[in-house]
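Have the sequence and the 3D view open while you read.

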Amino acid sequence: MGLGHNLGLVIALALLVAIGVATAGERFASLDNLMTILRLAAVTGVVSVGMTFVITSGGIDLSVGSVLGLASVWATTVATQTMAANTHWVVMVFTALAVGAVAGLINGVLVAYGKVVAFIATLAMMIAARGLAEMIAQKRTQVVTVRPFLDFFQARVLGIPMIVWIFVVVAVAGWVVLNRTTFGRRTVAVGGNPEAARLAGIKVQRHTMYIYALAGLTVGIGSVMMVARTTSGSSTHGQLLELDVIAAVVVGGTLLIGGRGTIVGTVLGVLILATLTNIFTQNNLSMSAQSVAKGAIIVAAVLLQQRFSRRT
């Protein structure tokens with residue numbers, strides 16, 4: 001199923017590329033537009049890697065967009081930027097990562113030890129994080145003034161934007177952790193059957209907490225990339241990001257009920273949705289039509305998952 005599903009995703013991506021070339025011609029096929037698609041996919045892709053672990057474990061995280069906005073605001077406050085200017089821009093990166101990881105940890109504690117349903121716990125975090133971001137930023141956009149930060153994250157390596165390289169590194173690391181480590185095997189076990197995992201000696205509650213913290217960390221990384229891409233921090237950053245992230249993970253083949261996840265599929269899902277968005281933009285089609293198309297893709301992916309589940 002994994003190989004076949006990924007092959008199907010590759011074919012779907014190739015068809016989308018063919019449609020893009022046929023409808024938009026050189027505007028779509030240009031190298032600049034390819035970089036635009038990859039930049040568009042990068043932030044969503046990094047957060048989707050973390051979400052893959054959460055959904056594989058049988059959970060869900062609706063707070064990723066709001067936490068990304070909060071992390072971007074906290075990392076670009078006057079105090080944080082002043083400290084970064086007087087020391088090193090890494091201070092901004094550390095702040096964003098810390099905010100993301102702590103928010104994820106809180107989610108994990110609520111779900112694992114508080115026994116709060118993941119949907120409710122992360123919904124509460126989504127609302128609270130967005131509100132806190134608005135309070136800190138006073139609903140204003142905070143412009144990045146630390147030039148070395150922008151110089152590093154807006155640089156190109158071998159002609160490819162730095163944020164795309166970050167996406168590649170996170171995706172590779174996610175694949176290794178999920179497929180080649182004890183942590184990954186335990187994540188699959190917890191998602192497949194929590195009680196069996198507990199009887200096998202896995203500390204399910206602690207592991208669940210770690211998974212949400214990991215997802216929060218990827219949100220922190222995504223917020224750094226968003227700040228670099230937009231040169232600002234804002235409470236509006238990441239709005240509805242959770243929908244694109246969950247859609248990419250589900251389209252990629254990770255089971256919503258848990259027990260199976262695929263980082264390769266998630267990456268392909270992210271690229272499919274980013275390419276689809278770009279095609280609509282290149283052809284001046286409405287956001288409404290784009291939303292309908294995304295909805296149809298998600299429904300098709302879930303139906304395929306259900307069919308596979310019945311077979312197995």
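## Ground rules

Contact here means heavy atoms within 4.5 Å. Helices (H or I, at least four residues) and strands (E, at least two) are DSSP runs, numbered from the N terminus. This is a predicted model, in which local features need pLDDT of at least 70 and side-chain atom pairs count only at pLDDT 80 or more, while totals for chains, interfaces and linings use all residues. Residues are numbered from 1 along each chain as its sequence is written, and side-chain values use heavy atoms, with hydrogens and water left out.

## Helices α6 and α7

Two packed helices are described by the angle between their axes and the distance between the axes. Axes are lines fitted to C-alpha atoms, for helices over the stretch in contact, with angles running from 0 to 180 degrees between N-to-C directions. For α6 (residues 90-112) and α7 (residues 118-137), the axes come within 9 Å and cross at roughly 145°.

Which residues of α6 meet α7? They are Ala-103, Ile-106, Asn-107, Leu-110 and Val-111, and on the α7 side the partners are Ala-118, Ala-121, Thr-122 and Met-125.

Buried means under 20%, exposed over 50% and partly exposed in between (1.4 Å probe, protein chains only). Leaving aside residues up to four places away in sequence, Thr-95 touches Trp-74, Ala-75 and Thr-80.

## Helices α3 and α14

The axes of α3 (residues 31-56) and α14 (residues 263-282) come within 8 Å and cross at roughly 140°. That makes α3 oblique to α14; angles under 35 degrees count as roughly parallel, over 145 as roughly antiparallel, 65 to 115 as roughly perpendicular and the rest as oblique. This crossing is right-handed. The α3 residues involved include Asn-33, Leu-40, Gly-45 and Phe-53, and those of α14 include Ile-263, Val-270 and Gln-282. By type, the contact has 10 nonpolar residues, 11 polar and no charged.

## Leu-214 in α12

Leu-214 sits in helix α12 (residues 204-230) and is partly exposed at 25% relative accessibility. Residues up to four places away in sequence aside, Leu-214 touches Phe-53 and Phe-183. Its C-alpha atom is separated by 20 Å from that of Ala-41, 173 residues apart along the chain.

## The loop between β4 and α13

Is His-237 buried or exposed? At 10% relative accessibility, His-237 counts as buried. His-237 belongs to the loop between β4 (232-233) and α13 (241-252). The His-237 side chain makes a polar contact with the side chain of Thr-230 (3.2 Å). A polar contact is a pair of N or O atoms within 3.5 Å; within protein, one must be able to donate a hydrogen and the other to accept it, and residues adjacent in sequence count only if both atoms are side-chain atoms.

Leu-240 is in this loop too, but exposed, at 56%. Leu-240 has a positive phi of about 65°.

How values were computed
A crossing is left-handed if the near helix is turned anticlockwise from the far one by less than a right angle, and right-handed if clockwise. Ala, Val, Leu, Ile, Met, Phe, Trp, Tyr, Cys and Pro count as nonpolar, Asp, Glu, Lys and Arg as charged, and the others, Gly among them, as polar.
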